[in-house]
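Please find below a note on how two chains meet in the structure shown here.

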There are 2 protein chains.
Amino acid sequence: MVSIKDVAKAAGVSDKTVSRVVNREPNVSTDTVEKVRSAIDRLGYIPNLAARSIRSSRSGIVGIITDYVSTTPYSGDIVRGIQAWAEAQGRTVLLASTNGDPHREREVWRTFQAHRLDGVLHVAMYRRVVEPENGDIHIPTVLVNARPKRAGSFHSIEPDDFGGSRALARHLLELGHRRIGYIRLNPLLLGANERYEAFRETLQEAGLGQADLDVRLGMEGPIGEEENFVFRETTAMLSAPDRPSAVACGNDEMALQAYLAALQLGLRVPQDVTIVGFDDFRTISLALKPELTTVALPYFDLGWQGAEILDGVIAGPAESGRNRSLECRLVPRASSGPPHQA
Amino acid sequence: MVSIKDVAKAAGVSDKTVSRVVNREPNVSTDTVEKVRSAIDRLGYIPNLAARSIRSSRSGIVGIITDYVSTTPYSGDIVRGIQAWAEAQGRTVLLASTNGDPHREREVWRTFQAHRLDGVLHVAMYRRVVEPENGDIHIPTVLVNARPKRAGSFHSIEPDDFGGSRALARHLLELGHRRIGYIRLNPLLLGANERYEAFRETLQEAGLGQADLDVRLGMEGPIGEEENFVFRETTAMLSAPDRPSAVACGNDEMALQAYLAALQLGLRVPQDVTIVGFDDFRTISLALKPELTTVALPYFDLGWQGAEILDGVIAGPAESGRNRSLECRLVPRASSGPPHQA
DNA sequence: AAACTAAATGTCGACGTCGACATAGCTGAT
DNA sequence: ATCAGCTATGTCGACGTCGACATTTAGTTT
């Protein structure tokens with residue numbers, strides 16, 4: 001492997017001068033620069049970052065720790081956001097996954113420490129409260145799509161499920177819906193309660209009562225092996241004589257099943273029943289016909305901005321912005337419309 | 001940062017002895033090991049892999065280059081497979097993405113070279129022919145879910161779309177279907193043609209003629225911004241008087257739209273029409289009711305086995321198994337049944 | 001022309017680790 | 001008592017880079 005010394009020899013200068021050229025230091029004569037550049041190209045020299053790292057004790061690498069990658073394909077966007085940021089910064093990204101195993105997580109932290117990472121993004125694939133298992137290893141860390149167990153122990157960034165759900169509820173109210181069904185997410189998910197509470201609260205503020213909201217539990221059980229009642233419950237809900245004119249679902253996967261239930265009952269979306277989702281998981285929301293009204297989760301930006309926050313923490317532990325929250329925007333599409341005039 | 005020398009001092013031995021303990025070398029007395037171990041724990045020493053890397057010129061890191069991560073969420077499983085393997089090997093994974101930009105890809109290769117990666121997995125998110133833009137950088141490389149442009153230039157591993165599609169066609173024939181619809185994938189995808197050809201061929205071998213197979217194009221246009229005709233075409237196909245008793249779709253996302261089309265026409269799956277997909281993208285295939293008969297793509301194993309092959313290439317450029325192919329298994333579920341006895 | 005300044009380049013060593021080699025201590029055979 | 005043959009441990013230097021500092025060269029001032 002060609003080193004700085006080989007280049008130096010080829011260019012007839014000292015290794016330090018090559019280093020200066022590579023790092024764009026001032027006070028190098030133009031023709032020296034020229035000579036060195038050409039030698040570098042000729043030999044195909046590429047600086048050894050490991051060596052740099054050991055001299056400067058900064059690796060230029062940030063790590064990503066994820067938990068359950070498989071179960072939620074969309075939140076891969078978080079990783080994409082982080083990568084895009086890293087790319088723009090000329091940093092590199094080391095990826096590790098724990099599958100939710102604390103023992104495995106401790107190993108990951110050790111590995112990260114061994115690589116002398118500059119910082120770590122601890123990414124949760126579904127939003128939840130998190131207590132990083134970092135042992136006594138201290139690397140600047142930011143939680144993404146999660147919040148720290150002990151408030152203030154970590155910086156973090158989360159989506160504003162609450163606000164998004166309010167926007168969704170307002171959308172249905174504005175369309176004129178007064179009897180509304182709601183299919184709840186697995187209560188284990190942090191977003192589940194916020195989405196539901198925001199929804200219920202908004203409807204109540206608009207004067208709707210207990211009886212106007214038909215709430216059903218769509219999923220239950222441990223993550224990755226939950227039981228799914230969405231189809232059954234939606235079918236039941238829409239078969240009732242006083243069926244709601246709109247059904248809001250905890251996420252888009254549930255909305256898909258609600259579509260199927262509605263269609264099998266011979267109901268048309270949105271003429272007979274409005275269906276809305278949450279997440280804007282585009283593989284589903286755009287594949288559904290009519291396309292699905294939903295709320296977009298800013299996964300990419302969670303990653304990007306999480307990385308930005310991390311950068312700040314690395315530069316110097318600033319105390320500001322400990323817990324950032326990102327807006328979830330309503331995405332109105334064709335699956336929502338005014339209630340059928342019965 | 002605590003180094004091997006700090007540990008040596010604390011334990012009252014030489015740094016080399018600490019190194020021996022850390023690397024489990026023989027011929028160290030048990031109580032020396034004990035002393036050193038305790039010092040390591042006390043100080044929280046973790047070996048610096050960068051330093052190790054510069055001495056041994058092997059980093060223990062493998063890189064993943066992906067192209068379009070966003071468009072195909074399921075193939076994130078490939079990355080999971082690679083990670084799982086790396087974890088088992090005590091290696092680490094560096095992740096980079098090109099978004100299909102050749103310029104960006106060259107940068108990635110430079111970065112990988114700068115980190116002195118042991119090997120690279122060049123992962124395509126949809127199966128295709130690939131020519132890595134690695135400039136004059138030579139790191140052991142394996143193509144995953146892709147095949148090299150110049151045969152033999154790289155080792156590679158791909159799914160056997162052809163075999164999977166044959167199995168699917170046979171499944172429909174065995175159920176008794178004799179009029180079959182087929183919704184084709186975007187012809188840009190390598191899998192598209194193989195799937196279609198295998199399907200057509202299998203039906204022909206069984207004696208079905210041109211007229212028994214209704215083929216429609218479901219998608220067209222550049223990846224990520226293709227036009228989607230699936231819903232329209234399926235609706236047309238199923239509205240025809242001599243409608244097929246089964247519809248096979250190029251992938252599960254298309255199958256989802258075929259479901260919607262069928263249901264909106266008042267057809268029941270599978271009593272009135274059988275619908276099958278391809279990919280076993282479980283977010284869809286399991287959410288559909290009835291659950292979708294499909295063909296599972298071995299994404300996880302593509303990653304894992306691709307990594308294994310890479311390991312072999314790193315160890316010594318073995319010439320065997322240049323181009324491995326992995327079986328795609330039929331996953332029979334409830335969406336396929338015998339044709340309706342009209 | 002002497003004296004000084006600024007720019008250009010070089011020398012050296014340290015970062016953390018471990019291979020090559022050297023040395024010290026012990027056992028047992030002669 | 002001597003020496004071979006172990007095992008246990010230590011010393012040294014090199015990997016590739018770059019900061020601290022030293023030296024040389026060119027340019028400016030008086």
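1. Buried area is the accessible area (1.4 Å probe) that two parts lose on being put together, summed over both. Between chain B and chain A this area is about 4,600 Å², and carbon and sulfur atoms give 65% of it. In chain B, the residues that lose the most area to chain A are Ile46(B), Leu95(B) and Arg116(B), together 14% of what that side buries.

2. This is a predicted model, in which local features need pLDDT of at least 70 and side-chain atom pairs count only at pLDDT 80 or more, while totals for chains, interfaces and linings use all residues. Residues are numbered from 1 along each chain as its sequence is written, chains are lettered from A and ligands numbered from 1 in the order in which they are written, and side-chain values use heavy atoms, with hydrogens and water left out.

3. With contact taken as heavy atoms within 4.5 Å, 48 residues of chain B touch 48 residues of chain A. The copies meet through the same surface, because 100% of the interface residues of chain B are also interface residues in chain A.

4. Two salt bridges (a side-chain nitrogen of Lys or Arg within 4 Å of a carboxyl oxygen of Asp or Glu) are counted between chain B and chain A. In a salt bridge, Glu87(A) meets Arg104(B) through their side chains, at 3.1 Å from N to O.
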